[in-house]
Structure formats: structure tokens, C-alpha cells
Amino acid sequence: MIRIELDLAVALYLCLGFLVLFFWLLLEARRKGEGYSGQENLWQCPVCFFWYIDSLSETLSRCPRCGTLHRKGEEGVKYIEETPKTTEGSVPSEQEG
Ligand SMILES: [Zn+2]
């Protein structure tokens, strides 16, 4: 068995905890940056007319309400790139894309 002082054991225990916390925060910060292009695209479903934001898809998107897949430029699909800051509840201006 290895004999160590109590203060050294406590210091090692605390350092290990801080190290784990540091790496966890580092991984969380990296994960948040992934998968987001920084651009919010506003789509309107042609089936249920539901407006939603899909920041990941630029050409093909799935409606979160009815699950329909639709393509940008398809008949009835409304698509707005980089949504302007609108207050909740207001109807955004329509743009054929
Ligand atoms: Zn829909």
C-alpha cells in the first residue's frame, strides 16, 4: 500500500475534480458550437402551413408538426433565409424562394 499525507490526498482529490469539471465544460462548449451554421432559415410547410425554423437544412426540411419532407423551391413551400427579428405572434413577410 502506498502511504501519502492526508493534505496531499485531499489536494489530489480536488485537482482531479477540477480537471474533470474543466474537460466537461470544454466538451460542452465545443458541442454547442457544432451543428449550427449561425443562420436561421424560416420554412412554411405546404401541407399544414406551419411556420418553423430549421437552421440545419438548406435544401430539404422536415416539418416538425406533420413530418412531411419538402424541398426548397417546391410548389407551396415558403422559405425565408436569415429571419429578421420579429416579435412572437407576428406574421413574417412572405418571400417566394
Ligand atoms: Zn407540416
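Student: How many helices and strands does the protein chain have?

Tutor: In this predicted model, the protein chain has one helix and five strands. Reading from the N terminus, the elements run α-β-β-β-β-β.

Student: Where is confidence highest, and where is it lowest?

Tutor: For the protein chain, the mean pLDDT is 80, and 76% of the residues reach 70 or more. Helix α1 (residues 6-33) has the highest confidence, with a mean of 91. Strand β5 (residues 78-80) has the lowest, with a mean of 78.

Student: Which strands form a sheet, and in what order?

Tutor: Three strands form an open sheet, and their order is β2-β1-β5, with antiparallel pairing. Because β2 and β5 stand at the edges with a single partner strand each, one side of each has no neighbour in the sheet. From one strand to the next, the twist averages 20°.

Student: How many bridges join β1 to β5?

Tutor: Three bridges join these antiparallel strands. If you want a pair to look for on screen, Q44 stands opposite K78 in β5.

Student: What should I look at in the backbone of F49?

Tutor: Look at phi. As a general idea, most residues other than glycine have a negative phi. F49 has a phi near 60°, which is a positive value in a residue other than glycine. You will find F49 in the loop between β1 (42-44) and β2 (51-53).

Student: Where is G67 found, and why does G67 count as exposed?

Tutor: G67 is in the loop between β3 (60-62) and β4 (69-71). G67 counts as exposed because 10 C-beta neighbours lie inside 10 Å.

Student: What is D54 in contact with, beyond its neighbours within four places in sequence?

Tutor: D54 is in contact with N41, W43 and S61 once those neighbours are left aside. The place of D54 is in the loop between β2 and β3. D54 has 16 C-beta neighbours inside 10 Å, so D54 counts as partly exposed. D54 and E81 are 27 residues apart in sequence, while their C-alpha atoms are 10.0 Å apart in space.

Student: What share of the contacts with a separation of 6 or more comes from residues 24 or more positions apart?

Tutor: In the protein chain, residues 24 or more positions apart account for 28% of those contacts.

Conventions: Residues numbered from 1 in each chain as written. Predicted model: local features only at pLDDT ≥ 70, side-chain atom pairs only at ≥ 80, totals over all residues. pLDDT = per-residue confidence, 0-100. Helix = DSSP H or I, 4+ residues; strand = E, 2+ residues; numbered from the N terminus. Contact = placed C-beta atoms within 7 Å. Buried ≥ 20, exposed ≤ 12 C-beta atoms within 10 Å, placed from the backbone. Pairing = 2+ DSSP bridges. Axes fitted to C-alpha atoms, helices over the stretch in contact; angles between N-to-C directions.
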